[in-house]
Amino acid sequence: MSTLETDVVIVGVGSVGSMASWQIASRGQRVIGVDRFSIPGPFSAYAGESRMFRKIYAEGGHYTPLLQRSQDLWRILEKNTGTRLLNTTGAVTIYDEHNPRLASLLAAGKNNGLDYEVLRGDEARTKYPEHVFRDTDVTIFDPDGGYVSSEKAVTAALTEATRLGAKFLGDRKAHSVEPYGDRYIVRTDREEIIASRVVLSQGNGAGPVCKDLGVHLSVLPQILTWFPIVDPAAFCRADMPVFVRRAEEKGRSDKTQFYGFPSADGWTVKVVASIFLDEVESMEKPPTWDPRHLDTIRAWVREFMPGLIPDPVRVATCADGHLPDTTALFGPVPGMEGVIVAAGFSGHGFKMASGLGAIAAELLLDGTTATDVSFMNPGRFLGPDTRLTSLALS
């Protein structure tokens, strides 16, 4: 078994790992990234063409500085690589008026001085004719929203990192990270890599790391669907925003939860239900699904988006790692100075991936960051005095 040496080893070169590779390499560090799949790969959480970007964020205004920084960094990566990545279409969020998330969504905008617009009834129907609006719906428009071309963005970051000297090793499984004198050693099934600093960003493969950090990571596959357009002019216009709809109205047996994107190809629209398949241990064997799993999203498209043919012509799967409090583990590992973990983003991490990569670089190389990420403290599920000395990676 060969032994390699570097300044920083990154385990998991997906959404966050690719961005951390770019940021760390840009600061003159030698970087080696390893991944259990090819780099880039087809089974990562970023699969499926696009991921939403929003500034008016129901998960809480404490994400706003991170979202602002990420927005700026997407633009820098675009400039560096000559690639369009962040498409600012605006974002429409449609909630029923009694939805408990509505207050936090509005507070996130108001308390952080963000621009937004609230519409109801005929005003919303006139502005966004592709949607069906009920009288009880409240619509919030976020002008800074849009979507990131996720697979393209990861590839752009990897290309930039490679240009800056980073090296990537795919199709190998990392087993552990352990102390090695005053450095660390990452053991894979093909080599041992010695480095002063380590980033653990394994995406939906971070279960063992999360277990060592005292919490279970649920790997939940999701079916992504693309529906044909009846009238392309209605969905291909320049001002059509990305959209999120959540309804929890009394009298409905279901909780409507889906999101979607303006057409990227001129004849289909990506519309995805916020429902998941049964938990799996790994995406190394992509999960199977029954055609009946599409019944719910078909029904929602039929009810709320009549301008689409309610039968998908393209289907893909991806899987995210979910934590019980839907908040990631991000930051230094207690007891392991120089080791950063980024795991469990619960399906809403990609929009922030560029910012997370930059903050990981700052925490590793400077020991601090000006962007508050303390709410993602990776030691919060451990006892207050717990200090780790090694981590299992598989």
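Tutor: Start with a definition. Ala, Val, Leu, Ile, Met, Phe, Trp, Tyr, Cys and Pro count as nonpolar, Asp, Glu, Lys and Arg as charged, and the others, Gly among them, as polar. Keep in mind that this model is predicted.

Student: How do the lining residues of the second largest pocket divide into nonpolar, polar and charged?

Tutor: Sort each lining residue into its class. Here, seven are nonpolar, three are polar and three are charged.

Student: Which residues lie nearest the centre of that pocket?

Tutor: The lining has 13 residues. Nearest the centre of the second largest pocket are Arg-197, Glu-337, Gly-338, Leu-363 and Leu-364. Two or more lining residues come from each of strand 12 (191-200), strand 18 (329-333), strand 19 (336-343) and helix 9 (353-365).

Student: Which element gives the largest share of the lining?

Tutor: Strand 19 does, with five residues. The volume of this second largest pocket is about 200 Å³.

Student: Now the whole chain. How many helices and strands does it have?

Tutor: The protein chain has nine helices and 20 strands.

Student: What does the radius of gyration say about the chain?

Tutor: Compare it with the value for a compact globule. For 394 residues that value is near 21 Å, and the protein chain has 21 Å, so the two agree. Along the principal axes, the C-alpha atoms fill a box of roughly 65 × 45 × 40 Å.

Student: What percentage of the residues count as buried?

Tutor: Buried means under 20% relative accessible area. Of the 394 residues, 57% count as buried. The chain exposes about 16000 Å², and carbon and sulfur atoms supply 50% of that area.

Notes: Residues numbered from 1 in each chain as written. Predicted model: local features only at pLDDT ≥ 70, side-chain atom pairs only at ≥ 80, totals over all residues. Heavy atoms only, no water. 1 Å grid on protein atoms, 1.4 Å probe; cavity = no way out; pocket = protein on both sides within 12 Å on 5 of 7 lines; lining within 4 Å. Points joined across faces, edges and corners; volume = space filled by probe spheres on them. Helix = DSSP H or I, 4+ residues; strand = E, 2+ residues; numbered from the N terminus. Rg over C-alpha atoms; globule rule 2.2 N^0.38 Å. Buried < 20%, exposed > 50% of the residue type's maximum accessible area, 1.4 Å probe, protein only. Areas by Shrake-Rupley, 256 points an atom, 1.4 Å probe, with all protein chains shown as cover.
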